[in-house]
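This briefing covers selected side-chain features of one chain. The points below are grouped by topic and can be followed alongside the coordinates.

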Amino acid sequence: MAAVTRGCRPWGSLLGLLGLVSAAAAAWDLTSLRCHLGTFCECDFQPDFQGLECDLAQHLAGQHLAKALVVKALKAFVQDPAPTKPLVLSLHGWTGTGKSYVSSLLAHYLFRGGLRSPHVHHFSPVIHFPHASHMERYKKDLKSWVQGNLTACSRSLFLFDEMDKLAPGLMEVLVPFLGSSWVVFGTNYRKAIFIFISNTGGEQINQVALEAWRGRREREEIRLQELEPVISQAVLDNPHHGFWRSGIMEEHLLDVLVPFLPLQRHHVRHCVLNELAQLGLEPREEVLQAVLDSTTFFPEEEQLFSSNGCKTVASRIAFVL
């Protein structure tokens, strides 16, 4: 399908955008399998790569790997008229580094309805799978939800947030949907996109970034080959991660592990400038400095990386103003 340009436009407050994610997550009921007739009930998949790349360039600070990997994987997948399997991305990194932001951008630039599209499905462990004792019911509901919605529209996006808070075993019902079979359960599913998000591997990514800094290597010299093995091992070693002892890992069903690097002081400054611009305010040095001074950095000796990335920038600006 040809790209439909919607342009690169200001997103407004990052907190507002992430609020849409939470609101969208709360809105879906796993027991309902129908796409209710409405504005976007037809498949509204209309990718805009120009807009996506523009937004990533302007607003995603310090993530050269994530930008390149996500865009490359998406373009190759969408431009393939007959993919052999769904696209499966796993996003990893420290809190506030941009994982949820990127997933929200993907929904916006891939679907006309954005996060409100009936073909974008966002799952949160706290909202959708809160009780470990109900796991068998969750498995049945999730399998039916994915199967039913792929029957309605093969171009569907499934977002699974906070994978490091998800009870192991639930994701096993997705294994048949993520492989290279022609059909599964009578459903054509090869054009779907699955995105998994977690903080698992964040400490290992931070350590690689710290060692690169200490070795006087440029941040942009860090490559996926350095990070992929340590992220995979962190997932395999974490009994609280949804992929622990999972066929998804054992059968190598993840197409790309996308690492998000820890943010340095100048990246946080970039986020502050973006937020001020989105609020329609002129950049003021005293505001920039106040936000940076109130931000905690680590390790204790180097004070190099932001403890919360850019996650608290909007609230800190509001407090300073």
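Asparagine 274 is a residue of helix α11. The model is predicted, and the values below are computed from it.

- Asparagine 274 has a relative accessibility of 15%, and because the limit for buried is under 20%, asparagine 274 counts as buried.
- Apart from neighbours within four places in sequence, asparagine 274 is in contact with Gln58 and His59.

**Disulfide between cysteine 271 and cysteine 310**

- The sulfur atoms of cysteine 271 and cysteine 310 are 2.0 Å apart, and the two residues form a disulfide.
- The torsion about this S-S bond is about 85 degrees, so the disulfide is right-handed.

**Disulfide between cysteine 43 and cysteine 153**

- The count of disulfides comes to 2; cysteine 43 and cysteine 153 form one of them, with their sulfur atoms 2.0 Å apart.
- This pair also links distant parts of the chain, 110 residues apart.
- Cysteine 43 lies in the loop between α1 (14–27) and α2 (49–59), and cysteine 153 in the loop between α6 (135–152) and β3 (157–160).
- Cysteine 43 is partly exposed, with a relative accessible area of 40%, whereas cysteine 153 is buried at 1%.

**Another cysteine**

- Cysteine 54 counts as partly exposed, with 26% relative accessibility.

**Nonpolar cores**

- The largest nonpolar core contains 79 residues, and those with the most contacts inside it are Leu142, Phe160, Met171, Leu174, Phe194 and Phe196.
- Helix α3 (residues 64–78) supplies the largest share of this core, with 9 residues.
- Leaving out neighbours within four places in sequence, phenylalanine 160 is in contact with Phe123, Leu142, Met171, Leu174, Phe194, Ile195, Phe196 and Ile197.

Terms used: Residues are numbered from 1 along each chain as its sequence is written. This is a predicted model: local features need pLDDT of at least 70, side-chain atom pairs count only at pLDDT 80 or more; totals for chains, interfaces and linings use all residues. Side-chain values use heavy atoms; hydrogens and water are left out. A nonpolar core is a set of buried Ala, Val, Leu, Ile, Met, Phe, Trp, Tyr and Cys residues joined through side-chain atoms within 4.5 Å. Buried means under 20% relative accessible area, exposed over 50%, partly exposed in between (1.4 Å probe, protein chains only). Helices (H or I, at least four residues) and strands (E, at least two) are DSSP runs, numbered from the N terminus. Contact means heavy atoms within 4.5 Å. A disulfide is a pair of cysteine sulfur atoms within 2.5 Å.
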